[in-house]
Amino acid sequence: MADKFNYILAKSEDDGAMPLTEHLKSVADTAVVFARYAGFDTDTAYKGAILHDIGKVSPVFQKTLKHGYIPRPGFVFRHEIASLFFISLLPEKQRPAIIDMIVAHHKSIYKDVREKGLLDLDGNMDSFARHSEKFDEWSQTALNILKSFGFESHPISIDEAKENYDFAVDYCSDKQLNCSEWKGLLMAADHFASALAEKMDYTLDKLFIKPDLTFYNRRHHLYPLSLISTNDPRKHTLVTAPTGAGKTDFLLRRCRGRVFYTLPFQASINAMYDRIKSDLKDTDTQVFLLHGASNLKVKEGKVEERIMQRHIGASIKVMTPHQMASIVFGIKGYEAMLLDLKGCDIILDEIHTYASEIQAIVLKIIEILKHSGCRLHVGTATMPKVLYNKILELLGGKDEVYEVSLSDDVLTTFNRHIIHKISSVDDCYQLIANAVDENKKILVVCNQVKRAQELYERLSDIYPDIDKMLIHSRFKRCDRAKLETMLKDDFNQSSDACIVVSTQVVEVSLDISFDVMITECAPIDAMIQRFGRINRKRTEATIGKYKDIYVIKPPETKEDARPYDMAVLQKSFDVLPDGKVLEETSLQNMIDEVYPEICVPNIDCSGAVFTDGKWKIMELCHNAKSALLEALDINSAVCIAQGDIDEYRENLSARMELEIPVSYNSLAHNQLEQLKQGSRPFVIPDKAYSEELGLLLEYAKPEYYKMFEFL
């Protein structure tokens, strides 16, 4: 590309000062690869990508990229609107798709949250006049750039630019309810190219590669699902089997294309990422982790892996369903996510563990992904029959779903726990003392972070010389990653007595096997998952051997029962045996007794944009947020310690490590400072964080800044 255009920027001087021509080439190269994968016309994709930012040539826009620029009040210049002035250079048949690519890659065309969409501005001001300022001065430069990219160009007068603008406005005004795949293509390519920068050529050739999953064809009689064939012609899968039966291998063996593997918790997807990455280390398959702390797992990896985790085209992604929620509520970028998901294999593991609202979102995700041609594979150790039947119905019934479960004879070999009911936490201390004397590994699970912290501190006083740790969700992400590694590699492998106090984060897919558990009562399905961390190792020697689990009676107040329903806790406690073996063959009846019906919120009335096989959102529009998403705190807030402010502001690569995930509602009303950088974290006093205990909410208040600043 000729250097003579390098003075025209795509990115601000404070953000790398990337030349526009370099950015356009990167986006175009990426868009062509994406279009080829999606079966779109590559010439249309190329031209749309080159044209999408050409409005940035305007000197009005270039001024905004200068160091220290401060916009005047009321200033508006949308470069994508100025880019529309050149659409008459395109063949008529390409114009609709390319308008889709250009006009909404930053803003909704209508009812944008800041009212800066094409139709918003057209109705509120003389938008064309505003965006065509000095057009005669800059249009020829734009045309020269387009010509250098292979466009057949001709001089465009101000009148022709106005005709192009009016054509785009009329075209967008006629938009109906739908989802624009072309918008998704451009957004995906634009974000991907911006992130990759200099690594374009190296990474593009690794996109959209079908993973080599032959490793999972392994067979072993201890893992009964490994002996069951996956060669069934039905498209979708429903697998019910106990922990340790080989469910993960079976689900992966059912996959035929690129894979999205979803699990409910950060710890569980960290563990699954490590597992798949290790399993496939001798193949060319790329495995990426997508969630808030994903940067930590690939920090020491190659640059393309750090970038690819948030973008499309990976062979395998491990994630939570929260990352898919955008397709349910039409959140910005949902079209790009759908492009990535379309036609892939989606594994929804441990689907039963979600709260009712999240469960409703997952059911809607199933509906949308089935419509998008995906193959869906659902795995669970436990699931209420009513939920099972609902999923079966959504997937098309028995004619489209391969259903797999184990016989009672096989299930009996998975009996491994003796359940004991106890009255209160005070009954635990003698049990823990006995287990320590017997050199056992002890796992204690609380339902609330605060109670876990208090119990850990008390046990630390009682057993100062015993190895112990506390793990929950409210640690700095760097500290949380260290704790997970210690839990798996040190405590899990220890031959000496040790104590781990945890919350629900240990329930799913953490490959640990302790000797005894003391747990607060939880819903029956969640408890069964917890129990899977005890006596987990399945060998010839362990079959028929039992280990003890002690379940504490449910609390008597709603506040103490949180985050669970008191009635569900009591029913769950009542169905458990006491002093007897927990029979695997009885679990389904126990679950169905606790959940004779399921109450799934009707999210179609709370912002869902896809219902009954049809899109309910205006094409080229997206929602800023959903009331339900806000209520669920899916866009979870983060906070950082006061002492980390400078590093957070200055060190981009360290930001994720310093963040502490937290419920928005737990901090939003504390009148804390909130940074403008990164994830806009709340700032808590240093006193409110401990490497050993995590976030201490009682100190996360402004008055503690002054109270402790001189200590």
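Strand E10 and strand E11 (residues 498-502) run parallel and are joined by 5 bridges, where strands (E, at least two residues) and helices (H or I, at least four) are DSSP runs numbered from the N terminus. The structure is a predicted model, in which local features need pLDDT of at least 70 and side-chain atom pairs count only at pLDDT 80 or more, while totals for chains, interfaces and linings use all residues. Residues are numbered from 1 along each chain as its sequence is written, and side-chain values use heavy atoms, with hydrogens and water left out.

The loop between helix H26 (566-575) and E14 contains Pro577. At 18% relative accessibility, Pro577 counts as buried (buried, under 20% relative accessible area; exposed, over 50%; partly exposed in between; 1.4 Å probe, protein chains only). Apart from neighbours within four places in sequence, Pro577 is in contact (heavy atoms within 4.5 Å) with Ile419, Lys421, Leu582 and Met590. The C-alpha atoms of Pro577 and Ile418 are separated by 8.4 Å, although these residues are 159 apart along the chain. In the loop between helix H25 (558-561) and H26 lies Pro563, which is joined to Arg562 by a cis peptide bond with omega of about 10 degrees.

Gln453, in helix H22 (residues 449-462), is buried at 4% relative accessibility. Its contacts, leaving aside neighbours within four places in sequence, are Leu470, His472, Leu693, Gly694, Leu695 and Leu696.

A helix pair was also examined. The axes of H5 (residues 95-103) and H9 (residues 158-173) come within 11 Å and cross at roughly 90 degrees; axes are lines fitted to C-alpha atoms, for helices over the stretch in contact, and angles run from 0 to 180 degrees between N-to-C directions. H5 and H9 are therefore roughly perpendicular to each other (angles of 65 to 115 degrees; under 35 is roughly parallel, over 145 roughly antiparallel and the rest oblique). Arg95, Pro96, Ile99, Asp100 and Val103 of H5 meet Phe167, Ala168, Tyr171 and Cys172 of H9 in this contact. The buried residues of H9 are Glu160, Ala161, Asn164, Tyr165, Ala168, Val169 and Cys172, and they pack against helix H4 (79-83), H5, helix H6 (118-124), helix H7 (127-131) and helix H8 (135-148).

Most residues other than glycine have a negative phi, and most peptide bonds are trans. Phe208, in the loop between helix H11 (200-204) and strand E1 (236-240), has a positive phi of about 60 degrees and is buried, with a relative accessible area of 15%. Asp612 has a positive phi of about 55 degrees and lies in the loop between strand E15 (610-611) and strand E16 (614-615); Asp612 is exposed, with a relative accessible area of 70%.

How values were computed. Two strands pair if DSSP finds at least two bridges between them.
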